[in-house]
Each structure stands twice: as structure tokens, then as C-alpha cells.
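Here are a few notes to read alongside the model on your screen. Take them one at a time, and keep the view open as you go.

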Amino acid sequence: MGKLLTFLLCISLFEGWMVMSVPYDHTASIECLSSPMESLYKGGIIQNSEFNSGLMGWLVPGGVKAGVSSSPSGNKYASAMSKGQPSRSVYQKIQMQTNTHYALSAWLQISSGTAEVKAMFQQAPNGAYIIGGTTVAKSGCWSMLKGGMTAYSSGQAEFFFEADGMVDIMVDSVSLQPFSFAEWKNHSRLSADKARKSTVKVLARGAGGVPLAKANVRIELLRPGFPLGNAMTKEILDIPAYEKWFTSRFTVASFENEMKWYYTEWKRDHEDYSVPDAMLRLAQKHNIKVRGHNVFWDTNNTQMAWVNPLSPEQLKAAMQKRLNSVVTRYAGKVIAWDVMNENLHGEFYETRLDTPNVSAQIYQQVAQIDRTATLFMNEYSTLEWAGDMTAMSSKYVRKMEEIRSYPGNAGLKLAVGLESHFSTPNIPYVRATLDMLAQLKVPIWLTELDISPKTGPYQVEYLEDVLREGYGHPNVEGIVMWAAWHKHGCYVMCLTDKDFNNLPAGNLVDKLIAEWKTHPEAATTDADGVAQLDLVHGDYSFTVTHPSLQSPTLHTLTVDASSSALEHALGIQD
């Protein structure tokens, strides 16, 4: 496969300033290719990014032997052989700028087997290491690493790759593109406008199809199209203020614990669904969609005491009972299932049953019972931290492909669930990881978003950064926050106080909800009876008044990504 390149220059307005910027490039690949793609952004600030000039601009660390090789097709790349572990690549010195996001990409191959490879930044003067991205590299083909980092101060850094084994590291098509904070936010805003809005033409016509020129059209958004939700707790059943606060804001909910196995069957053979049943009825009353969280949880420390001593056959029977019970009960009533929660970090069921493909089997059984729900692979640290080698995007992709390739699973309605429990978010890494996971061609949701209180005064700022990053990414289809209310406090992040008065994080959420619902509230049709409207996706009502009409007429319309290609006749008849 030849090298590919997209490189454009755009000029746009952001917050009153003229911002000249290279557009962000969402290009990503989860395939291991015979030849790497060309460097994104022509390499950005990386010198000699494709090694066409030997090792010019690159340095060789001590204990490493390096050179430039050519493939049979003539493609040149750097190869480095280390004497110790971890293996090191050639490196380059980079001058980092204050308050700058850096988008990183590279293509990697190793000499034998497979190895986990990290992109590393060592910053002066304290020599601190920052992991900018990871991938599982293979011999015989090229794997893409996509990531990034943020520099909050200026200074020199060394940029290189390291592998966890005694292998030669081959590097090609390296890119490091800087973006100012303003440029980055502008990219997100433009992407959100493109992904979340459509330009709609509505046609108002009276009796006999006559265009209603200068008709007044009043527009009301009934329900936003982008799902934004929060975790819900059982306290909502007894506190009207909690119910009012929650249902006036969110369109989707996950029950924090109340649908989990350890809640519904804490004691063996004593099932109790009364609480989740009541919570579901409350959600339905307010037209709030519910995610099923979860069927099973695959980590050791989340199992009930009675489960641990079961024999493999007893455990299999208990699992079958649980699956049939919860999925049958809520089939068609929930929009999604977190099927085998955290099955990258956990392997409780795989180990106890001595069945490596148990996750794939469970997904299949859930799909057979509930044919309408989307089945999520819900995991943490894939998005939050580049240093968690257990949950890196390439391993997430591999696990989902294992589930999808299991016999009978080809048609599963799978989705990516990214828990998103952040401390200080690495925003360029977040966007790059979403780019990579988007190549699975399934929906992506942020499913349990919160920001650690350890971030102190930056908690609200970081929450806004991540919410905007998710909303602005073209492949993210929903966000659920993990800010469930308890009388004794919140799990990590609180949006309100005990009396349901907003805290600063809650004020931010309200601000974004209002912003993301903003739309023209009135319009006047032209001589052809047409009004062209830029509308955020969602369900709308249109009320049309005109001197020729005896009374206003009301019509409803769902605006989505397909709406721009159509003209929507309001079908008004006198």
C-alpha cells in the first residue's frame, strides 16, 4: 500500500481572533500494513520524518546501533538495535512551546514477534517522562501509533520510541504537529458544527400547494439528538428534587449499581429487581433512555462472596441463570448492555471457567435474547491514560475483533464504551485514541465520565475539555457522566450539593446543555415558501402562521445527519 497524504490550510475565526491553522487530520489505521502511510502534516516539526535523508536530524542513543534501510519497494525507514531492555529507537530533540497541544503519529515495526511500543517524551530540565501513545508492533508489517501530549511550558524534549522486549525497532512516517489551544478548540468547534448540525430547508405551502411567502415559522427543539446522560441512583425514587433536577437535564441514564448482579442477587437464589424496576419506570415516565449496566463484571474484586467458591460447572449455571434473568427482564426496555464489563483488565470468568472466549459467548447469548440493544465493550484507561498497557487502543481493538470473529457473532450490534475516569486529561491523546477506535466502524460512547477531585481548581476546566472533545469528535455518539448523587456524597465528581443546587461542575454542564441546544427560534419564508435553517440535530416542532391560514399549523420533524440532503415539506393545507 502506498503512502497517503492529506494536507490542507484553513483560515477560520475563533473567539474574535483570526486563527490560521493546519486542519486536524483524523486519519488512522488499525491494520498492520505492508507499507506505512505517508507522514501526517508532512511530519510537522519532525525533521526528516520519512528518513529520505538518512538519519539527518535524528540522534542515536548510547548502546544502540542504528541506520536507515530500504524495503523492496524502495521505502526508507530507520532501524535501531539495542543491547539492553527496553529497546530504544533513534531520537530527535524537539523544542516544545508553552500551552501547545502536539498531535503525534508514527508507523512501527519490530524485528521478531510482537512487542508493546511506547512513544516517549523526556522533558528538560527535570527529565520527566511523558508517554504520548502506545501500540502493539509486529514483525513483517507496519502498525500505526497515534497519540499526543500537551506542553504547558517551553523547553527542549527528547522524543523517541521504546519497546518492552529485546527487539530491533523500525520507525517511519513520524509526525509531530503543534496546535495552539485556540487552534485546537476551533477544530473541535468546527467538527461539532459539522457532526451535530444540519442545514435544513423547510417548505411551507398552503391549499393547492401554493407557496406561503413571508410565513412566520416558530421552531422549538423538543428533544436534542445527541444523547447526554448521567448515572442515576435509587435515591431518585424518594426525593422529588432529585427527580426534577435529573429529568430536566438528561436524556439517557445508567443505573450506578442497581442493575448489577451483586445488587439483584447479593444472596444466592434470592433475586430482587424491585429497585431497578422502579428506576426504569421513572426513567420511562420522563422519556429517558436507559443503558443496561451491566450483565457481568469480569474483575476479581467485584464478585459476590457466594460466587467465589463455586465450581466451574456451578459458576456456569449461575451465570446462565443471571444472563437469562436480567436480559430477558429488560430486553427491549434498555437501549444498550455493558455485556462483560472491563474484560481487558479482568478475566475472572475466563480463568475460572478455563474458557478464553467466554466473553464472545456471552455477547452472543445476550444478542439472542435482546435483538434491539447495542452491546458495549466497556473499559477504563483506554482513553484516560496512555501508560495503561493492558487497555491500549490496539488491545481494545484486538479484543473486540475476537468477539466479532467468534462463530455466529458476525452480525452483533457492537459498540465501543470508554469509561473516561480522568485525572489530568491528555487531550491530544484522547482525540487520537478516538480516531483509532473509530476504525472499528461501530458507535463510540463515553460511558462513565468524571474528573478526579485531586485536580482541585482545574476539575471544571478539565471536565469541559473532555465534554467538548467528545461532543466535537465525529465518531462519538453519546456521553454519560458518572456523577451519581448520594446523600453521603458522590463517587468522584458532584454536580450538585445535597439540596440539588448546582456546584461549579453542574453549572458547566448546564451551560453546555444550553449551548448544544441553541437553534433559531423563528424564521420567515422567502417568496417560494422556503426557510433555510441551521439546526442542531434533534426532534422539533414547527408552528407556521400566515394570513391565508385560519389558524396556526403544527408539524414535527426529526433533524439528523441525513436532513441536509432533503427538502422538508411541512404539508400545510388551508
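**Notes on spaces and helix packing**

1. One cavity of 30 Å³ or more is present in the structure. A cavity here is a set of points on a 1 Å grid over the protein atoms alone where a 1.4 Å probe fits but cannot get out. Rolling a probe the size of a water molecule over the atoms shows where empty space is left. Please keep in mind that this is a predicted model: local features need pLDDT of at least 70, side-chain atom pairs count only at pLDDT 80 or more, and totals for chains, interfaces and linings use all residues. Residues are numbered from 1 along each chain as its sequence is written, and side-chain values use heavy atoms, with hydrogens and water left out.

2. What is the volume of the largest cavity? The value is about 60 Å³, where a volume is the space filled by probe spheres set on the points, and grid points are joined across faces, edges and corners. Its lining is made of K260, W261, Y262, N294, F296, W297, T302, Q303, M304 and Y349; lining residues have an atom within 4 Å of a point. Helix 3 (261-264) and strand 17 (289-297) are the elements that give two or more residues to this lining. Strand 17 provides the largest share, three residues. Helices (H or I, at least four residues) and strands (E, at least two) are DSSP runs, numbered from the N terminus.

3. By class, the lining of the largest cavity has six nonpolar, three polar and one charged residues. Ala, Val, Leu, Ile, Met, Phe, Trp, Tyr, Cys and Pro count as nonpolar, Asp, Glu, Lys and Arg as charged, and the others, Gly among them, as polar.

4. Stay with strand 17 for a moment, as N294 lies in it. The peptide bond from H293 to N294 is cis, and its omega is near -5 degrees. Another backbone detail to find is K214, a residue other than glycine with a positive phi, near 55 degrees. Look for K214 in the loop between strand 13 (197-203) and strand 14 (216-224).

5. Now turn to the largest pocket, which holds about 700 Å³ of space. A pocket is an open set of points with protein on both sides within 12 Å along at least five of seven lines. The lining counts 30 residues, and K185, S188, E464, D465 and R468 lie nearest the centre of the pocket. Helix 1 (181-196), helix 9, helix 10 (459-472) and helix 11 (504-516) are the elements giving two or more residues to the lining. Sorted by class, the lining has twelve nonpolar, five polar and 13 charged residues.

6. How do helix 1 and helix 10 cross? Their axes come within 8 Å and cross at roughly 45 degrees. Axes are lines fitted to C-alpha atoms, for helices over the stretch in contact, and angles run from 0 to 180 degrees between N-to-C directions. That makes helix 1 oblique to helix 10 (angles under 35 degrees count as roughly parallel, over 145 as roughly antiparallel, 65 to 115 as roughly perpendicular and the rest as oblique). In helix 1, W184, S188, S191, A192 and R196 meet R468, E469, G470, Y471 and G472 of helix 10, where contact means heavy atoms within 4.5 Å.

7. The axes of helix 9 and helix 10 come within 11 Å and cross at roughly 25 degrees, so these two helices are roughly parallel to each other. I427, V430 and R431 in helix 9 meet D465, V466 and E469 in helix 10. This contact divides into three nonpolar, no polar and three charged residues.

8. Finally, helix 8 (residues 393-405) and helix 9 (residues 427-437) have axes that come within 10 Å and cross at roughly 25 degrees. S393, Y396 and V397 in helix 8 meet T433, M436 and L437 in helix 9. By class, that contact has four nonpolar, two polar and no charged residues.
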